[in-house]
Amino acid sequence: MSETSPWFQLDGGIASYFNWSSGQPDNILTELCVTMTQAGDWYNCNCDDRRPSVCFNGSHFIIEDEMSWTDALINCETQDSILVQIANNTVNDEIRKLLSKSTEVWIGLYRLAVWVWSDTGEQLSSPNWKEGIVSNLTESNLCAALWFDNGTLTQESCNAVNPFLCTHITEDQLISDISGQQSKKTVVKLKLQTTADLEDPRIRADLKQQLRARLANQGVTDIKLAWKKLSGNLQPSTPHTSYSIDY
């Protein structure tokens, strides 16, 4: 997620008024919901944290019990109100005066999680989330799963055990995809020699992930990786297996 990605009000509009505390917002990957303190300062927090919240029914602000940001959102709606939206200093001061010294409350400001495909790093636009799912990342739901019954997505732990689908890209498809791009592409081949069992797809996937991360740290993100087993070992007298990886 980019630091320049916007914060949204519940009506879908991009927020233009903020009263962040010093050093906020931080932890922009997982802290996507916003609280307000009695001092009137704002903090971005994990949406699963439990906090009181402020509902607005059109004429009055109502302080509600502790719950997650999503539950607070639903709770306000069941009372024909909304999780409060703050558009200026006047509203911010009105709410601040209602809070006790130790109170920190949810407000109706949030940031969208950005989801990317693991193979290309491209952003997934308009995810088809299962009804009731609010796309807010936490440490426990950083991966997505597909429901076969209706094609919707849910957020899951990356350690969860589920069936999965693989896609196969041939070398010809990879070359065609590269040549079809208008921008200039560079193909680089690396030769690997290791005692690790590169026939094991889990080891190959782990190596690809590590290489992709190293390249990303160097600012290289628009890449495609492909394994190719060499016809013979670089050093036939050793038990090593030789592979090349093109990107």
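Predicted model: local features only at pLDDT ≥ 70, side-chain atom pairs only at ≥ 80, totals over all residues.
**Entry 1: the buried side of α2**
I started with helix α2, which runs over residues 89-98. Which of its residues are buried? I found Val-91, Asn-92 and Ile-95 among the buried ones, meaning under 20% relative accessible area. Why do they sit on the same side of α2? They cover an arc of only 100° around the axis, so they share one side of the helix.

**Entry 2: the other face**
Next I turned to the face of α2 that points away from the buried side. There I noted the exposed residues Thr-90 and Lys-97.

**Entry 3: what lies over the buried residues**
I then looked up what covers the buried residues of α2. The cover includes four strands: β2 (33-37), β3 (42-45), β4 (51-56) and β5 (61-67).

**Entry 4: the start of the helix**
What caps the N-terminal end of α2? I found Asn-88 there, with a side-chain oxygen 3.2 Å from the backbone nitrogen of Thr-90. Thr-90 was already in my notes as an exposed residue.

Arg-51 stands opposite Met-67 of β5. The two strands form a hairpin with four residues between them, and in that turn Gly-58 has a positive phi of about 105°.

I also checked β6, residues 82-83. This strand pairs with β4 in the antiparallel sense, over two bridges. Here Phe-56 has Ile-82 as its bridge partner.

Key. Residues numbered from 1 in each chain as written. Heavy atoms only, no water. Buried < 20%, exposed > 50% of the residue type's maximum accessible area, 1.4 Å probe, protein only. Arc of directions from axis to C-beta. Contact = heavy atoms within 4.5 Å. Polar contact = N/O pair within 3.5 Å; in protein donor to acceptor, adjacent residues only side chain to side chain. Pairing = 2+ DSSP bridges.
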